[in-house]
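Student: Hi! I've just opened this one and I'm new to it. Could you walk me through it?

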Amino acid sequence: MTRPTLAALLGLTLAMLTLVVPQAQALEGDASAPIQVEADRLDLDDRAGTAVYQGNVRIQQGSMLLTGARVEIRRNDAGQLSQAIATGQRAYIEQQPAPDESVVRGWGQRIVYHVAERRMELIDQAELHRGGDTFNGGYLEYFLDRRVVQARSAAEGVEGNQRVRMTLEPEKQDSQ
């Protein structure tokens, strides 16, 4: 049995990531932007369909940015990317939904990005910034396409009760 080279493993990992990008990017130019991955370590298990990056992980393509101490990329049975899971003291995700909209930013101890659904879960010390609005709690779920936020004070794996807090900016009125 021949052992794959590091270049082949990195190439396969990048190829796996490109499967997620066209669906995951809101800005038109994001899908054609290069994928940049930085980490201290990579463990790739092609049979299990996982790639695990560890150590100050930063994955970026266009306006999409995902960071954490550890990021795991999972594929489904069809070989398509299904989830990206970032963990760390303050895992982070951001994306600009449209050219005329501000960047959506999220933090949590754990972030689960569901590729096909374009849905992100921010878990434990969760925080979401959307325009001037901010949301905090134990669990936040954000649907990128529908611009829907669901917040909970508690969730599985969250210690204690992290009360939901929101700051909503009023819409600007046209002055007459």
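Tutor: Happy to! Let's start with a term: rings of Phe, Tyr and Trp (its six-membered ring) count as a pair if their centres lie within 6.5 Å. Keep in mind that this is a predicted model.

Student: Okay, how many aromatic pairs does the structure hold?

Tutor: It holds one aromatic pair. The partners are Y92 and W107, with 5.1 Å centre to centre and 45° between the planes, so the pair is classed as tilted.

Student: Where in the chain do Y92 and W107 come from?

Tutor: Y92 belongs to strand 5 (residues 81-95) and W107 to strand 6 (residues 104-114). They are 15 residues apart, and the pair links distant parts of the chain.

Student: And are Y92 and W107 buried or exposed?

Tutor: Both Y92 and W107 are buried.

Student: Switching topic: which ring does the charged end of R146 sit over?

Tutor: That would be the ring of F143, with the charged end 4.3 Å from the ring centre.

Student: Back to strand 6. What about V104, is that residue buried or exposed?

Tutor: V104, which is found in strand 6, has a relative accessible area of 3%. Buried means under 20%, so V104 counts as buried.

Student: What does V104 touch?

Tutor: Leaving out residues up to four places away in sequence, V104 touches I93, E94, Q95, P97, L128, H129, R130 and Y142.

Student: How far is the C-alpha atom of V104 from that of S63?

Tutor: Those two C-alpha atoms are separated by 10.0 Å, while the residues are 41 apart along the chain.

Student: Now strand 4. How many of its residues are buried?

Tutor: Nine of the twelve residues in strand 4 (residues 64-75) are buried, so the strand is mostly covered.

Student: Which way does strand 4 pair with strand 3?

Tutor: Strand 3 (residues 50-61) and strand 4 run in the antiparallel sense, paired over ten bridges. For example, V57 has G68 in strand 4 as its bridge partner. The two strands form a hairpin with two residues between them, and G62 in the turn has a positive phi of about 60°.

Student: What about strand 4 and strand 5, how many bridges there?

Tutor: Nine bridges, again in the antiparallel sense. Here R75 stands opposite L81 in strand 5.

Student: And how many residues lie between strand 4 and strand 5?

Tutor: Five residues lie between them in that hairpin, and G79 in the turn has a positive phi of about 85°.

Key
Residues numbered from 1 in each chain as written. Predicted model: local features only at pLDDT ≥ 70, side-chain atom pairs only at ≥ 80, totals over all residues. Heavy atoms only, no water. Phe/Tyr/Trp six-rings, centres within 6.5 Å; stacked < 30°, edge-to-face > 60°. Helix = DSSP H or I, 4+ residues; strand = E, 2+ residues; numbered from the N terminus. Buried < 20%, exposed > 50% of the residue type's maximum accessible area, 1.4 Å probe, protein only. Lys NZ or Arg CZ within 6 Å of the ring centre and 35° of its normal. Contact = heavy atoms within 4.5 Å. Pairing = 2+ DSSP bridges.
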